[in-house]
Amino acid sequence: MAANVALLSASSPSTSASSILRRHPPPRRSACPRRAASRLSVVAAMSDDPIKEWILTEGKATQITGTSSIGGGCINAAQRYDTDAGSFFVKTNRRIGPAMFEGEALGLKAMYDTKSIRVPLPYKVGSLPTGGSFIIMEFIQFGRSRGDQVTLSRNPFRSKKKSALGRKLAEMHKSAKSDKGYGFYVENTIGSTPQINTWTADWIEFYSKHRLGYQLKLISQRFGDSAIYEKGQRLIEKMHLLFDGAVIEPCLLHGDLWSGNISADANGDPVILDPACYYGHNEAEFGMSWCAGFRGDFYSSYFEVMPKQPGFEKRRDLYLLYHYLNHYNLFGSGYRSSAMSIIDDYLRMLKA
């Protein structure tokens, strides 16, 4: 997904479409019926297009100067709207209602409020008149470099390289904790799979039931795969043994951190987007590392802020498993062997 941000200032001199209509009322019908009819058709067209309506009112634009498609992945379509008040990034889905985008917007806003790592600020979620939904957000102009590209330390006398993404992600995890336990304010999606976020006091219970257990149940229902379901349940019964000595806190997670959801802005600062947020064990953030290309400098800079917990290496594949199971559900049995291999390795390790 591509985003590009023009932050709108409340004090900017931009004028709304409604104020223009007030200052320049349509002429009397008897004097210029065609112009009056044309202006009425513009107002009607705005009411039929809630995206344009928001941009030309609450978005403080007076005209939309252009739109362009910028892709949106395999689930949503995405467009850039250029206006005299800046650019906006808009995602639409013609089949799914606004609940999916509402979950995304809450996650983006939660991450934005940490003031730790750059994310696009969400502006508006709504329904489309013909069915489906949309989300309007800040448009961020991406630069050429990846957000996890190493940068030199600010101390010129140190030659050790850092990963800005690792450091800023750790700062987000450290600053945003929940007093409600593990979960999130709403259910959201991981890809197009429902992600259950019922608040739970215990992390192992949450991850067992609402992450691994839920994915295994879907696999059993969709594919009739009783073998992976039964072995997965055996792992769930024993996985508490992997957490001995670890201090676990409910940190705000992006939840779907792979290379397609990581970029950098024009200044080279990391940007993360398209989240599946919830509050969970910080190590779960690395569950998509097989698709993210995190390097050693990423982890070293991350652990400088959020120290590595005992047993980290033993738990790493447990968090990969959730996403392999989800890919099995989303894309089919091509991901089955990777998921089953992780389960089998743990069953041997835990003698289950």
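Residues are numbered from 1 along each chain as its sequence is written. Because the model is predicted, local features need pLDDT of at least 70 and side-chain atom pairs count only at pLDDT 80 or more, while totals for chains, interfaces and linings use all residues; side-chain values use heavy atoms, with hydrogens and water left out.

Empty space is found by rolling a probe the size of a water molecule over the atoms. On a 1 Å grid over the protein atoms alone, a pocket is an open set of points with protein on both sides within 12 Å along at least five of seven lines, and a cavity is a set of points where a 1.4 Å probe fits but cannot get out; lining residues have an atom within 4 Å of a point. Grid points are joined across faces, edges and corners, and a volume is the space filled by probe spheres set on the points.

The largest pocket holds about 650 Å³ of space. Its lining consists of 33 residues, and those nearest the centre are C74, I75, G191, D256 and W258. Helices (H or I, at least four residues) and strands (E, at least two) are DSSP runs numbered from the N terminus. Two or more lining residues come from each of α4 (99–112), β8 (188–190) and α9 (312–331). Of these elements, α9 contributes the most, with five residues. The lining comprises 15 nonpolar, 13 polar and five charged residues, where Ala, Val, Leu, Ile, Met, Phe, Trp, Tyr, Cys and Pro count as nonpolar, Asp, Glu, Lys and Arg as charged, and the others, Gly among them, as polar. The largest pocket lies between domain 1 (50–138) and domain 2 (164–350), because both give residues to its lining; the domain bounds come from an automatic or database domain assignment.

One cavity of 30 Å³ or more is found in a search of the whole structure. The largest cavity has about 30 Å³ of space and is lined by E283, F286, G287, F312, R316 and Y319. By class, three of its lining residues are nonpolar, one is polar and two are charged.

Rings of Phe, Tyr and Trp (its six-membered ring) pair if their centres lie within 6.5 Å; planes under 30 degrees apart count as stacked, over 60 as edge-to-face and the rest as tilted. The count under this rule is 29 aromatic pairs. Among them, W203 and F206 are stacked, at 5.7 Å centre to centre with 25° between the planes. W203 and F206 are about one helical turn apart, because three residues separate their positions in helix α6 (residues 203–223). Buried means under 20% relative accessible area, exposed over 50%, and partly exposed in between (1.4 Å probe, protein chains only). W203 is buried at 3%, and F206 is buried at 0%. W203 also forms a tilted pair with Y319, at 6.2 Å centre to centre and 50° between the planes. Since W203 lies in helix α6 and Y319 in helix α9, this pair ties together parts that are 116 residues apart in sequence. Y319 is likewise buried, at 2% relative accessibility. Ring pairs link Y182, W203, F206, Y207, Y278, Y319 and Y322 into a cluster.

A charge sits over a ring if NZ of Lys or CZ of Arg is within 6 Å of the ring centre and within 35 degrees of the ring normal. R211 lies over the face of Y278, 4.1 Å from the ring centre. The charged end of R316 sits over the ring of Y299, at 5.2 Å from its centre.
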